[in-house]
Amino acid sequence: MRLATMMRGFSHKALIRTIVVLAAASASAVTTSPSSDYLTDWVLDGDWAYGMARPEAAGPGDASAVNWSGDGSTLFVTRTERRTDDHLLHPKQEEMSILSAWSRKTGVTKELLRGPEISVGFEIWPLGTSSSVLVQVSDSTMVVDGQSGRKVPLAFPPDGYFFAGSNTSPTSSRFVIVYQFSGQTEGRPVRPNVLVTAAAPGVPPVPRQSSIVRLYDMAGNLVASAEVPKGFTGPGWSSNGLPLFWTRTSRANPQPMTMAELRPGQGFAPYTGQRIDGDLGFERTWLRTSLTEIPTGNEAVRIRSGWLDSADETSPQKHAIVAPEVDHAPLLSPAKDAIVYITRGVPMVRRMMKMPKAEFFKAIKGEKQNRAMSAAKQNALAIAMYGGDADDALPLNGNYADAINPYMRDPTLSKMFTYTYGGGTFPPGSNPAKIEIGFVQTDGGRAIAYGDGHVQWFPDNP
């Protein structure tokens, strides 16, 4: 039944009050997509469109670093916890580094490790495509599983060596750790080529040279350990899934490259097969940050924003903002299905979506129509509320925005609305449902608002 028929016999003021209630209910039903905004959260790249869902928190605040597990199931977060004791005269604040894991499946955060002090932070390296990571804290290294919470401490390096990096095999469930010799032990220089007793059972003594390498399986079991041959660099991986090192070639050393493979129980042996380079760093395709200076008195505050960019230079929709303020560069998950970033100490995750370009254009067309309908509806609601306070008179055309902005939830929407009614009350005996009061124009058509508060869509090419 038409609203005008329902309201027949009512005064215009009673009608406007009813319109306010009905328009408010209708406006809440005309919204954009609950998961993402096709106009601001998506980019076009080739034949595909990539979008981001609304952000969700991935743990408490005071986060300083984040990294994904290799399978993308877990987000590891390093944060700082501050506590103050209850001493009345001299309260002391304690700070501690905490490593926690956030599960993408359950959304639950659990604490894994606590550092002894704030100056001791956690460094995290994903291990292949597993849910485990390699964690370095102070002089300790361990394998931590983000799903089960299992922790496996690894053997300490020989005295005078420090953790220099790790690499995971792309073809086998193994990883290596490289330790470099610092030339110092407890502040004193160490003579090279002196044998050092192993720090743990199963790790053979090694001479003090530039670096040593240890091979582990994903459970943290030592598979092999050896001194890296002098003049060799790496690591990469052989086709056998074993660590591979090679000689550098240059103009000064034009000799052909020589490769050596670390074999369990044998040490390094010559290798002539294919070299496969492992990589722990995940691709940050499309992600970047930008700096904006905002004047505040005598100083300028620098705000870092995160962006998702299309690699297609001709893309009609090339940029989407990940977050207006980020503490560090956003990081893409291994499967490229989520983005993590930290904003003001809070880790946030935006899940990514993908659809063919043709479907995206249909979706964005519907999104623009929904936006136009919603904006027209909110303007119609504001006009009705204005009329309720002005003895049924609608605002004059010349001061439309100033008149209705106090009634708008988002005053910027009045700029989208073209007000076509001249102002004053509706003519006696007229049907408000047939009186156009304004419209919102967008690609593909316009959303027209009528005096009874309803909005109708008219396509450009019906």
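Colleague: Which residues touch the most other members of the largest nonpolar core?

Modeller: In this predicted model, Ile 383, Phe 417 and Ile 437 do, out of the 24 residues in that core. Two or more residues each come from helix H3 (357-389), helix H4 (400-404), strand E29 (417-419), strand E30 (436-442), strand E31 (445-450) and strand E32 (455-459). H3 gives the largest share, 7 residues.

Colleague: What does Ile 383 touch, leaving aside residues up to four places away in sequence?

Modeller: Ile 383 touches Leu 394, Pro 395, Tyr 400, Ile 404, Phe 417, Tyr 419 and Ile 437.

Colleague: How do you know that the length of H3 agrees with its number of residues?

Modeller: The expected span is 1.5 Å times one less than the number of residues. For the 33 residues of H3 that gives 48 Å, and the end C-alpha atoms are 48 Å apart, so the two values agree. Asp 391, which follows H3, has a positive phi near 55°.

Colleague: Why is Gln 317 called buried?

Modeller: Buried means under 20% relative accessible area. Gln 317 has 14%, so the residue counts as buried. Gln 317 is found in the loop between strand E24 (299-309) and strand E25 (319-323). Among the residues that Gln 317 touches are Tyr 38, Trp 42, Phe 360 and Ile 364.

Colleague: What makes E4 and E7 edge strands?

Modeller: Strand E4 (63-68) and strand E7 (109-114) each pair on one side only. They belong to an open sheet of 4 strands in the order E4-E5-E6-E7, with antiparallel pairing. The twist averages 30° from one strand to the next.

Colleague: How do you know that E4 and E5 pair?

Modeller: Pairing requires at least two bridges. E4 and strand E5 (residues 74-84) are joined by 5 bridges and run antiparallel, so by that rule they pair. Ala 65 has Thr 78 in E5 as its bridge partner.

Colleague: Why is E10 described as largely enclosed?

Modeller: Of the 6 residues of strand E10 (residues 140-145), 5 are buried, so the rest of the structure largely encloses this strand. E10 pairs with strand E9 (residues 132-137) over 6 bridges in the antiparallel sense. Those two strands form a hairpin with 2 residues between them, and Ser 138 in the turn has a positive phi of about 55°. E10 also pairs in the antiparallel sense with strand E11 (residues 151-153), over 3 bridges.

Colleague: Why is the contact between Asp 41 and Arg 350 called a salt bridge?

Modeller: The cut-off is 4 Å between a side-chain nitrogen of Lys or Arg and a carboxyl oxygen of Asp or Glu. The N to O distance here is 3.3 Å, so the pair meets the rule. Asp 41 lies in the loop between helix H2 (12-29) and strand E1 (42-45), and Arg 350 in strand E28 (residues 346-356), so the pair ties together parts 309 residues apart in sequence. Asp 41, Arg 54 and Arg 350 are linked in a network of salt bridges.

Colleague: Are Asp 41 and Arg 350 buried or exposed?

Modeller: Asp 41 has a relative accessible area of 5%, so this residue is buried. Arg 350 has 4% and is buried as well.

Technical notes:
Residues are numbered from 1 along each chain as its sequence is written. This is a predicted model: local features need pLDDT of at least 70, side-chain atom pairs count only at pLDDT 80 or more; totals for chains, interfaces and linings use all residues. Side-chain values use heavy atoms; hydrogens and water are left out. A nonpolar core is a set of buried Ala, Val, Leu, Ile, Met, Phe, Trp, Tyr and Cys residues joined through side-chain atoms within 4.5 Å. Buried means under 20% relative accessible area, exposed over 50%, partly exposed in between (1.4 Å probe, protein chains only). Contact means heavy atoms within 4.5 Å. Axes are lines fitted to C-alpha atoms, for helices over the stretch in contact, and angles run from 0 to 180 degrees between N-to-C directions.
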